[in-house]
Amino acid sequence: MSKVAYYQRIRDLREDSDATQQRLAEYLGTSSQHYGKYENGNAEIPFERAIMLAEYYGVSLDYIAGLTNNKRGLSASSLTDDQQELLTFVSGLSQEERCLLKRLIRRLGDTIK
């Protein structure tokens with residue numbers, strides 16, 4: 001998946017919902033000119049406002065950030081117990097250990113195929 005810039009994502013969400021920049025600016029408590037800067041990538045959107053937009057559109061912050069194309073994101077509640085256990089285990093590994101684990105899993109996958 002290619003990473004989508006957040007400003008492109010919030011513009012697409014607004015256009016898909018037929019909302020105006022003015023309407024979103026009022027919701028966020030800012031001017032429409034400043035909100036326009038968020039959509040053009042000329043101003044960083046504060047975290048609190050990103051959360052507000054996620055709530056407004058009913059999407060995850062991961063989606064707004066362009067980290068996933070799933071509007072709901074990857075919530076822990078959607079994971080099975082086994083998946084959650086693996087995620088917890090892997091989260092506790094160092095970056096080097098995670099890289100090693102990925103290589104081992106790929107080799108294992110190639111062996112099984």
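Colleague: At what angle do the axes of helix α1 and helix α3 cross, and within what distance do they come?

Modeller: This is a predicted model. In it, the axes of α1 (residues 6-16) and α3 (residues 32-40) cross at roughly 120° and come within 6 Å.

Colleague: Why give both an angle and a distance?

Modeller: Because two packed helices are described by the angle between their axes and the distance between those axes.

Colleague: Which residues make the contact between α1 and α3?

Modeller: From α1 there are Tyr-6, Tyr-7, Ile-10, Arg-11 and Arg-14. From α3 there are Tyr-35, Tyr-38, Glu-39 and Asn-40. By class, the contact of α1 with α3 has 5 nonpolar, 3 charged and 1 polar residues.

Colleague: Charged residues, then. How many salt bridges does the structure hold?

Modeller: The structure holds 1 salt bridge. Arg-14 pairs with Glu-39, and their closest N and O atoms are 2.5 Å apart.

Colleague: Where do the two partners, Glu-39 and Arg-14, sit in the chain?

Modeller: Glu-39 is in helix α3 and Arg-14 is in helix α1. They are 25 residues apart, so the pair is described as linking distant parts of the chain.

Colleague: Are Glu-39 and Arg-14 buried or exposed?

Modeller: Both Glu-39 and Arg-14 are buried.

Colleague: What about Arg-9, buried or exposed?

Modeller: Arg-9 has a relative accessible area of 5%, and the cut-off for buried is under 20%, so Arg-9 counts as buried. Arg-9 is also found in helix α1.

Colleague: How far is Arg-9 from Gln-22?

Modeller: Their C-alpha atoms are separated by 17 Å, and the two residues are 13 apart along the chain.

Colleague: What is the phi of Asp-18?

Modeller: Phi of Asp-18 is near 60°, which is a positive value in a residue other than glycine. Most residues other than glycine have a negative phi.

Colleague: And is Asp-18 buried or exposed?

Modeller: Asp-18 has 68% relative accessibility, and exposed means over 50%, so Asp-18 counts as exposed.

Colleague: Next, Met-52. Where is its place?

Modeller: Met-52 is in helix α4, which covers residues 47-57. At 25% relative accessibility, Met-52 counts as partly exposed.

Colleague: Which residues is Met-52 in contact with, leaving aside neighbours within four places in sequence?

Modeller: Met-52 is in contact with Tyr-27 and Leu-28.

Colleague: Now the whole protein chain. How many helices and strands are there?

Modeller: There are 7 helices and 0 strands. From the N terminus on, the elements run α-α-α-α-α-α-α.

Colleague: What is the radius of gyration of the chain, and what would a compact globule have?

Modeller: The chain has 19 Å, whereas a compact globule of 113 residues would have a radius of gyration near 13 Å. The C-alpha atoms fill a box of roughly 55 × 25 × 25 Å along the principal axes.

Colleague: How much of the chain do buried residues make up?

Modeller: Buried residues make up 28% of the 113 residues. The accessible surface comes to about 8100 Å², and 51% of that belongs to carbon and sulfur atoms.

Technical notes: Residues numbered from 1 in each chain as written. Predicted model: local features only at pLDDT ≥ 70, side-chain atom pairs only at ≥ 80, totals over all residues. Heavy atoms only, no water. Axes fitted to C-alpha atoms, helices over the stretch in contact; angles between N-to-C directions. Helix = DSSP H or I, 4+ residues; strand = E, 2+ residues; numbered from the N terminus. Contact = heavy atoms within 4.5 Å. Nonpolar A, V, L, I, M, F, W, Y, C, P; charged D, E, K, R; others polar. Rg over C-alpha atoms; globule rule 2.2 N^0.38 Å. Buried < 20%, exposed > 50% of the residue type's maximum accessible area, 1.4 Å probe, protein only. Areas by Shrake-Rupley, 256 points an atom, 1.4 Å probe, with all protein chains shown as cover. Salt bridge = Lys/Arg side-chain N within 4 Å of Asp/Glu carboxyl O.
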